[in-house]
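Subject: Structure for you to look at

Dear colleague,

Here is the structure I promised to pass on, and below it I have written out what turned up when I went through it. Please keep the model open while you read.

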Amino acid sequence: MTVCVDVVFIKSLIWYAYSIKVMTRNVNEMLLQINQKRQVGYVRVVIYGEKPTDIEGLEKMLREILTENRRWPMIHTYISDLDAYLHFVKGNPYLIMLASVQGRQGAEIVEKIRENNPAASLIWLSDRDNALESWRIHVTAFGVFPTKKEELEELLAACSESCWLGRKYFVQVGNRLK
């Protein structure tokens, strides 16, 4: 009789533990879905470009994308003042760094930016020649300059998911390499 009771008791405990695990997983999934739908909050984007033409239209597109997704943009722009840009973003993992620089010099600038703040998300807009270089530098997302609104939206989504899920991964959009 005691063996039967013990087996029934153990089965009850196993069922109870399993149902708690399932309920916890379901609650976590529901909270994740709610937060992804809600996504209300501030997004700080810090833009760097060597020339005004490098960042032309980016701030406007960023504002449109973020406000359409019920995110409130806080955008700071630096043109050809890399030291001030590096000082502003240093040590802050809760922002998105966007660098729109081309060529070999652009790669060197982005490398300095990444070294300065390895924890933050980094979007690099450049020419196709720098696509492989962006992988080495560990940017979060790479896009071909000039970019379209839809492409910029994909790049921002990659950064948001990277921040939310706590992991870094690489995304390339625009003029995909074949």
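I begin with Pro 146, which lies in the loop between strand 5 (141-144) and helix 6 (149-165), where helices (H or I, at least four residues) and strands (E, at least two) are DSSP runs numbered from the N terminus. A cis peptide bond, with omega at about -5°, joins Phe 145 to Pro 146.

Before going on, please note that this is a predicted model, in which local features need pLDDT of at least 70 and side-chain atom pairs count only at pLDDT 80 or more, while totals for chains, interfaces and linings use all residues. Residues are numbered from 1 along each chain as its sequence is written, and side-chain values use heavy atoms, with hydrogens and water left out.

The mean pLDDT of the chain (the predictor's confidence in each residue, from 0 to 100) is 80, and 72% of the residues reach 70 or more. Among the elements of the chain, helix 3 (residues 82-89) has the highest mean pLDDT, 96, whereas strand 6 (residues 171-173) has the lowest, 54. Over residues 164-170 the pLDDT is below 50, although this stretch has 22 contacts in the model beyond near neighbours in sequence; contact means heavy atoms within 4.5 Å.

Two residues other than glycine have a positive phi. Ser 80, with phi near 55°, is found in the loop between strand 2 (71-79) and helix 3, and Ser 80 is partly exposed at a relative accessible area of 46%. (Buried means under 20% relative accessible area, exposed over 50%, and partly exposed in between, with a 1.4 Å probe and protein chains only.) His 138, with phi of about 70°, lies in the loop between helix 5 and strand 5 and is exposed, its relative accessible area being 59%.

Gly 49 and Ala 99 are 50 residues apart in sequence, yet 6.1 Å apart in space from C-alpha to C-alpha.

Side chains of opposite charge can pair when their charged atoms come close. A search of the whole structure finds nine salt bridges, each being a side-chain nitrogen of Lys or Arg within 4 Å of a carboxyl oxygen of Asp or Glu. One of them joins the side chains of Arg 63 and Glu 59 (3.0 Å, N to O), and these residues are separated by about one helical turn because they are four residues apart in helix 2 (residues 58-68). Another brings together the side chains of Glu 68 and Lys 149 (2.8 Å, N to O); Glu 68 lies in helix 2 and Lys 149 in helix 6, so the pair ties together parts that are 81 residues apart in sequence.

Arg 104 forms a salt bridge with Glu 133, the closest N and O atoms being 3.6 Å apart. Since Arg 104 lies in helix 4 (residues 103-116) and Glu 133 in helix 5, this pair ties together parts that are 29 residues apart in sequence. Salt bridges that share partners join Arg 104, Glu 108, Glu 111, Glu 133 and Arg 136 into one network.

With best wishes
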